[in-house]
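Subject: Handing over the structure

Hello,

Here is the structure I promised to pass on. Please open it beside this email and follow along.

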Amino acid sequence: MGVPTWEVRLRSVVELTELDRQAWAKLEARAAEPNAFMSPHFVLPALTYLDAGASVVLMWIERSAGGLKELAGVGVFQCSLGTRVFPWPHLSAYQSEHTYLGGLLVDGESVRPVVEAIQSYLSRASCLWKGLELPKIHTTGPLAEAIQVVSKQRGHPVQILGPQPRSMLTLAQCGEALLRDTLGKKLNEINRCMRRLEDLGEVQWECLRKEGIPTASIDAFLDLEHQGWKGESGTSLRSTTAGKDFFHDMVARFDRDGHRALFTELRLGGKVVASTCNFVSGNMGFAFKVGWDPQHRKLGPGMLNEVEFIRRARTHPHCEDLLSFDSGASADSFINRLWPDSRSLGMLVMPSGRLASLALTATKRLRDSRQSRQPKPENDAIITGVKA
């Protein structure tokens with residue numbers, strides 16, 4: 001097959017062909033780090049509806065050997081002339097308002113050479129962009145580790161800012177024992193709430209995936225997510241036409257590609273009173289959003305729905321190909337008590353040249369100096385980008 005070579009190109013979204021989009025989806029399936037938020041089924045609807053007109057570039061990394069080309073890496077970036085975090089021209093990973101995990105999609109067997117190719121591309125004298133800003137990246141995952149090793153060898157060490165734990169759920173551990181361990185006596189109260197709900201009518205719980213997601217379930221989720229404070233504050237998906245269209249398009253794309261949309265529903269008398277929307281990428285599930293009926297707030301239908309998922313997920317046929325779930329949750333979410341595992345997310349800043357590295361070092365010293373003179377906050381937020 002010959003010695004492989006690596007090509008890095010910056011491309012526009014509009015030039016992508018159907019074959020390009022298919023290659024992107026196939027890369028997602030074999031990525032070193034599963035990530036539904038880097039899927040074309042998420043990114044392309046987000047750019048169409050949520051951030052229409054946004055200026056983004058795709059970093060397209062291909063492996064060539066024996067006359068054949070294969071897509072080995074994809075990144076979606078916005079160009080920045082500099083921020084207070086990275087005061088030098090660089091590429092910052094695109095983040096929609098609903099992006100809960102960042103990074104790149106990289107072939108699981110090509111992580112190191114892809115990172116080396118990116119570093120070489122950005123370090124060229126003719127390249128304006130002298131590094132990457134990667135918010136919400138798994139700080140100890142194979143991609144972050146490869147970036148740190150390659151960058152250190154080149155004399156341009158990376159910085160990781162604002163690391164925070166993200167709740168995870170290992171499906172092999174799911175079941176009644178896990179609920180007892182995480183909730184203790186609180187589980188008795190939750191079970192009483194379920195019995196009180198059953199007093200009001202027939203209660204059913206269902207996981208939807210492999211037969212497809214019915215339109216009625218999509219609409220029920222949007223209605224529930226819109227109720228309560230989200231609808232009142234205008235932050236629900238149904239609050240805008242763009243948000244609603246984005247959701248319908250995204251779910252349809254994931255559903256068509258191997259039934260990779262997964263909903264859970266708690267129903268009372270046939271009516272959905274709690275719903276979750278999740279997506280599958282590789283061997284992982286990714287929680288997206290939840291909704292519940294505030295009319296039954298005192299019985300906690302959202303919590304009941306989550307508890308039933310933990311009870312049944314390990315043996316459910318719709319979850320048999322999944323090893324774990326990423327919660328997508330913030331530090332104050334109720335899910336943190338239910339999902340006991342975690343991984344660290346933060347912003348990784350990668351310089352690709354001497355001047356960019358010096359600029360990063362200078363800003364870090366200034367930041368450390370300021371922080372040493374101030375009381376340390378209880379929780380450092382994950383840095384998602386600071387405009388100049």
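Is K230 buried or exposed? The relative accessible area of K230 is 17%. Buried means under 20%, so K230 counts as buried. One caution before going on: this is a predicted model.

**Salt bridges**

K230 has a charged partner. Its side chain meets that of E225 in a salt bridge, at 3.3 Å from N to O. E225 is buried too, with a relative accessible area of 2%.

In total, the structure holds 26 salt bridges. Another one joins D321 and R209, whose closest N and O atoms are 2.8 Å apart. This pair links distant parts of the chain, 112 residues apart. D321 is in the loop between α10 (301–312) and β12 (324–326). R209 is in the loop between β8 (203–208) and α7 (215–226).

Elsewhere, salt bridges link E7, R9, E62 and K69 in a network.

**Aromatic rings**

Next, the rings. The structure holds 14 aromatic pairs. One of them is W24 with W60: the ring centres are 6.4 Å apart and the planes stand at 90°, so this pair is edge-to-face. Look for W24 in helix α1 (residues 18–29) and W60 in strand β2 (residues 57–65). They are 36 residues apart, so count this as a link between distant parts of the chain. Both ends are buried: W24 has 0% relative accessibility, and W60 has a relative accessible area of 1%.

Y100 and F288 make another pair. Their ring centres are 6.0 Å apart and their planes meet at 45°, so the pair is tilted. Y100 lies in the loop between β4 (90–93) and β5 (105–106), and F288 lies in strand β11 (residues 284–292), so the pair ties together parts 188 residues apart in sequence. Both Y100 and F288 are buried.

These two residues also belong to one aromatic cluster. Its other members include F37, F42, F221, F246 and F247.

The charged end of R11 sits over the ring of W60, 4.9 Å from its centre. For F288, the charge comes from K289, whose charged end is 5.4 Å from the ring centre.

**Nonpolar cores**

In soluble globular proteins, nonpolar side chains tend to be buried together. Here, the largest nonpolar core has 43 residues. Which residues have the most contacts inside it? They are W24, F42, F247, F263, F279 and F288. Helix α2 (residues 40–50) gives the most to this core, with 6 residues.

Leaving aside residues up to four places away in sequence, F279 touches A36, M250, V251, F254, R260, A261, M284, G285, F286 and F288. There is also a second, separate core of 33 residues. Among its members are A287, L304, I310 and L322.

Best wishes

Note on methods:
Residues numbered from 1 in each chain as written. Predicted model: local features only at pLDDT ≥ 70, side-chain atom pairs only at ≥ 80, totals over all residues. Heavy atoms only, no water. Phe/Tyr/Trp six-rings, centres within 6.5 Å; stacked < 30°, edge-to-face > 60°. Helix = DSSP H or I, 4+ residues; strand = E, 2+ residues; numbered from the N terminus. Buried < 20%, exposed > 50% of the residue type's maximum accessible area, 1.4 Å probe, protein only. Lys NZ or Arg CZ within 6 Å of the ring centre and 35° of its normal. Salt bridge = Lys/Arg side-chain N within 4 Å of Asp/Glu carboxyl O. Core = buried A, V, L, I, M, F, W, Y, C linked by side-chain atoms within 4.5 Å. Contact = heavy atoms within 4.5 Å.
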